Amino acid sequence: MVLMRFDVVTLFPEMVTTAASYGVTGRALERNIATLAVWNPRDYTYDKHKTVDDRPYGGGPGMVMKYQPLHDAVTDAKKITTVTENRKVICLSPQGKPITQDLLSKAVKLSQLILIAGRYEGIDERFVELDCDDEWSIGDYVISGGELAALIVIDAITRLLPGVLGDAESAVQDSHVSGLLDCPHFTRPEQLEACSVPDVLMSGNHADIARWRMKQALGRTWQRRPDLLKKKNLNAEQEHLLKEFIVELN
Ligand SMILES: C[S@@+](CC[C@H](N)C(=O)[O-])C[C@H]1O[C@@H](n2cnc3c(N)ncnc32)[C@H](O)[C@@H]1O
């Protein structure tokens, strides 16, 4: 059963379909848990040169993506499904809402997500106002086009869809899912130069291993992202484990 329909409006459709065909997203698409379609605004132009951009009003450098080809592409993307109430049109933009795990865990409940990948200096503002529900940003830096940002959103949401990750890859312990960073992970060999695998991970004692992992997750978050820890309400056991981590560190 298809749980999420992604539609990407992009001038570089193959960039999106190719990258999405690998790994976790590729498997989810193959198994029809998610679907992905791409819509090229150039296919919605009616002049000889298939013009999708024009010079900015007021002058200045660069070109701006025109309203009409984007509007027509989104209109077709909407028509593909009868679902209307559970869909969002999101413009990828460095000026948008920062993408967080919390925002993605809400988005995973949608049935259709239409992502708009800008290029050039950006998109005619009227398209954002009239046709989009929101703007999302992958961070406080500028990349050349929205395709990579759309792929990040598609990947991050797909791994949250039920049935996409196997047990071994379960997203539950991933960084940010519960407001903490993940614990460190190890695999063979047991010894690498002076570094060995913590004994507890080879003890076979599942309760001790779970306790150690929680302690490391808390400690790492305290060391690397104290801002996250401030937002999280720790229970008594977690408070105790964090204290232990700090004592052991000193
Ligand atoms: C060169 S950027 C345009 C930046 C625009 N002039 C500005 O400063 O806000 C071209 C496109 O890349 C995408 N983009 C760039 N940085 C992004 C970011 N941090 N998050 C999401 N999309 C981004 C957007 O789709 C944008 O329309």
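Trainee: Which residues surrounding the ligand are the closest?

Mentor: This is a predicted model. In it, the closest are Leu92, Pro94, Gly118, Gly146 and Ala149, out of 20 residues that surround the ligand. Strand E5 (residues 87-98) gives the most to the shell, with four residues.

Trainee: How do the residues of that shell divide into nonpolar, polar and charged?

Mentor: Nine are nonpolar, nine are polar and two are charged. Gly counts as polar here, so Gly118 and Gly146, which are among the closest to the ligand, fall in the polar group.

Trainee: What makes E1 and E6 a pair of strands?

Mentor: Pairing needs at least two bridges. Strand E1 (residues 4-9) and strand E6 (residues 112-116) are joined by five bridges and run parallel, so they meet the condition for a pair. Among the bridge partners, Arg5 has Gln112 and Val9 has Ile116. E5 and E6 also pair in the parallel sense, over five bridges, and Cys91 stands opposite Ile116 there.

Trainee: What is the order of the strands in the open sheet?

Mentor: The five strands run in the order E2-E1-E6-E5-E7, with parallel pairing. Strand E2 (34-39) and strand E7 (134-137) each have a single partner strand, so one side of each has no neighbour in the sheet, and they stand at the edges. From one strand to the next, the twist averages 30°. Helix H1 (residues 13-20) packs on the sheet and touches E1 and E2, with its direction at about 165° to that of E2.

Trainee: Why is E6 described as largely enclosed by the rest of the structure?

Mentor: A residue is buried if 20 or more other C-beta atoms lie within 10 Å of its own. Five of the five residues of E6 are buried, so the strand is largely enclosed. Both faces are covered, with Gln112, Ile114 and Ile116 on one side and Leu113 and Leu115 on the other.

Trainee: Which residues have the most contacts inside the largest nonpolar core?

Mentor: Val9, Ile90, Leu92, Leu115, Ile116 and Ala150 have the most, in a core of 43 residues. Helix H6 (residues 147-158) supplies the largest share, seven residues. Apart from this core lies another of five residues, among them Leu180, Leu181, Ala217 and Leu241.

Trainee: What is Ile116 in contact with, leaving aside its neighbours within four places in sequence?

Mentor: Its contacts are Val9, Leu70, Val89, Ile90, Cys91, Leu92, Cys132 and Gly146. Contact requires C-beta atoms within 7 Å.

Notes. Residues numbered from 1 in each chain as written. Predicted model: local features only at pLDDT ≥ 70, side-chain atom pairs only at ≥ 80, totals over all residues. Helix = DSSP H or I, 4+ residues; strand = E, 2+ residues; numbered from the N terminus. Axes fitted to C-alpha atoms, helices over the stretch in contact; angles between N-to-C directions. Contact = placed C-beta atoms within 7 Å. Near = placed C-beta within 6 Å. Core = buried A, V, L, I, M, F, W, Y, C linked by C-beta atoms within 7 Å. Buried ≥ 20, exposed ≤ 12 C-beta atoms within 10 Å, placed from the backbone.
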